[in-house]
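Here is a short report on one protein model.

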Amino acid sequence: MTEGSLQWGGRFRSAPDPALLAFGSSFEDDLLLARFDLETSRAHVRALTGGEVIAQDTGAKLERALDRVAAEIDDGSFAIWARKGSFEDIHGAIDARVRELDEEAGGWLHAGRSRNDQVATTLSLYAAARARDGLARVTTIAAALVTRARSALAEGSVLAGTTHGQPAQSILLAFWLQAAAEPFVRGARRFASVEKDAMEAMPLGSGALAGSCLPLDRLAAARYLGFARPSRNALDAVGTRDALFSCADAWATACVPAARIAAEIVLWSSPLVGYVRIGDASASGSSLMPQKRNPDIFELVRAGTQRVLADAKTAWSASAAVGLSYHRDLQECKQSAISAIERADGILAAFGRAFADLEFDVAQMERRTTLGYTPATDLADALILKGVDARRAHRLVGARVALAEEQGRPFETSDLRALGAQIGAETLEAPLDARSGVRAKATIGSTSPESVADALDELEKELSVLAGAV
Ligand code: ARG
């Protein structure tokens, strides 16, 4: 242990057990918090000088030491230095390095500060930054989906839409792609609100739990960091991790649509379905079966999302077990939340790359629309429009499905004639193929080409507003 590794000691007779110190350390996971902790320290220097707790030149010396630590963090030498010690966390390590670099000024950096308000502030800054990154990540994915939807719309590509995995009604491929994009746009909105909330109340200046007797200039610190205001209850400020956990939630939730799309792609990429071909850059082969082209990345996205969801939930539930104020449990929660965020980022990045590498087999999709009597609902709608009530229409079309199935054929114009005759109508018109089926849809938000075109326009507008917020 290097001299000064610990930030306490006066009241202890002997050193702590190194094995227990190691057990209690989150230093390695904390490394990605280093730049945020430095910012927190710079803000605290302003709180100290602003309140005249320390002289301006001591503040300047502390700033210089922090600059030096920043450079050491960038070139990797700080981590090497810190690993020679046994630090509980990044906060203690940076403080120790500052004290080592400037013995005299260094002793003032932690005046009126506890690691409790320090870690809470650092985590809020990290949460805000990662929410901003998340916003960029999901808007990029959504924009790529919208671009693909536009070209699928121009081609009029159709497929059998499913519910329960069974052929249901024909839809435009553009409509499916739009459906894939929508949850990422909702995710972007969530990230925007997480970022805003994270930068609302600054914990720094709360001390350990009760505030400080030192006249810290909290307003100056909040201004420097970009928080809307200093927190208004020190006990709450040191004990809450809402910003971090909401950020983890936003990331985990953003992975859910990726996992669901991935589940569909795994199915679609099987030659038994043949809707998509996984590109060479994203497919995996088999070590034994020479013909295989496996959708591994999509499977990892699917399973990885479960891990991320679990980590985000662990963060919340472990914190639910402790009373107000700081408890060391919050360190474990921190690690779960950070792991969720960092893993989710990797998942979404991989998803975006692998999705871009997909090739849709639109001819195969269209061929498959003749299976499963997908025009049935449209036939029933045609009967309803002729004044037949919904239950009767359902029964009449159901009987035609049974008959056609028996005869081993899809719907034909003869079915329209027969249905027309059954209800005493001269003619009955209804779409029998997928392309006319989608065109026949009349509601806002439907799979009709007009509706999808309007929806894509709206999505694009919303995306550019959201992207502007990055
Ligand atoms: N290592 C702790 C964490 O990351 C911060 C220190 C909190 N204070 C304490 N008294 N142990 O949550």
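## Domains

The centres of domain 2 and domain 3 are 39 Å apart, taken over C-alpha atoms. This is a predicted model: local features need pLDDT of at least 70, side-chain atom pairs count only at pLDDT 80 or more, and totals for chains, interfaces and linings use all residues. Residues are numbered from 1 along each chain as its sequence is written. The protein is divided into domain 1 (20-111), domain 2 (129-214 + 230-367) and domain 3 (371-450). Those bounds come from an automatic or database domain assignment.

Domain 2 and domain 3 do touch: 13 residues of domain 2 are in contact with 10 residues of domain 3. Contact here means that the C-beta atoms of two residues, placed from the backbone, lie within 7 Å. On the domain 2 side, strand S1 (158-163) and strand S2 (166-172) each supply at least two residues. S2 gives the most, with seven residues. By class, this side of domain 2 has eight nonpolar, four polar and one charged residues.

## Overall shape

The protein has 20 helices and six strands. These are DSSP runs numbered from the N terminus, with helices being H or I of at least four residues and strands E of at least two. The radius of gyration is 30 Å, well over the 23 Å that the globule rule gives for 470 residues, so the protein is more spread out than a compact globule. That radius is taken over C-alpha atoms, and the rule is 2.2 Å times the number of residues to the power 0.38. Along the principal axes, the C-alpha atoms fill a box of roughly 100 × 55 × 40 Å.

How much of the protein counts as buried? Of its 470 residues, 46% do. A residue is buried if 20 or more other C-beta atoms lie within 10 Å of its own, exposed if 12 or fewer, and partly exposed in between, with C-beta atoms placed from the backbone. Among contacts between residues at least 6 apart in sequence, 79% join residues at least 24 apart.

## Nonpolar cores

The largest nonpolar core has 123 residues. Such a core is a set of buried Ala, Val, Leu, Ile, Met, Phe, Trp, Tyr and Cys residues joined through C-beta atoms within 7 Å. Cys247, Ala248 and Trp251 have the most contacts inside this largest core. Domain 1 and domain 2 both give residues to this core, so it lies between them.

Trp251 touches Gly134, Val308, Ala340, Ile341, Ala344 and Asp345, leaving out residues up to four places away in sequence. A second, separate core has 12 residues, including Ala376, Leu379, Ala380 and Leu419.

## Ligand shell

Which residues surround the ligand? They are Ser26, Glu88, Asp89, Arg115, Asn116, Val119, Tyr326, Arg328, Leu330, Gln331 and Lys334. The cut-off is a C-beta atom, placed from the backbone, within 6 Å of the molecule. By class, the shell divides into three nonpolar, three polar and five charged residues.

Helix H8 (115-155) and helix H14 (329-356) each supply at least two residues of the shell. Domain 1 and domain 2 both give residues to the shell, so it lies between them.

## Backbone exceptions

Most residues other than glycine have a negative phi. His164 has a phi near 55 degrees, a positive value in a residue other than glycine. His164 sits in the loop between S1 and S2. His164 is exposed, because 6 other C-beta atoms lie within 10 Å.

Ser325 is not a glycine either, yet its phi is positive, about 80 degrees. Ser325 lies in the loop between helix H13 (296-320) and H14. With 17 C-beta neighbours inside 10 Å, Ser325 counts as partly exposed.

## Two further sites

Arg293 is in the loop between strand S5 (276-277) and H13. Its contacts, leaving aside neighbours within four places in sequence, are Ile278, Ala283 and Gly285. Arg293 has 15 other C-beta atoms within 10 Å, so Arg293 is partly exposed. Arg293 and Ser14 are 279 residues apart in sequence and 61 Å apart in space, C-alpha to C-alpha.

Gly468 belongs to helix H20 (residues 449-468). Gly468 is exposed, because 8 other C-beta atoms lie within 10 Å. The C-alpha atoms of Gly468 and Thr147 are separated by 18 Å, and the two residues are 321 residues apart along the chain.

Terms used
Nonpolar A, V, L, I, M, F, W, Y, C, P; charged D, E, K, R; others polar.
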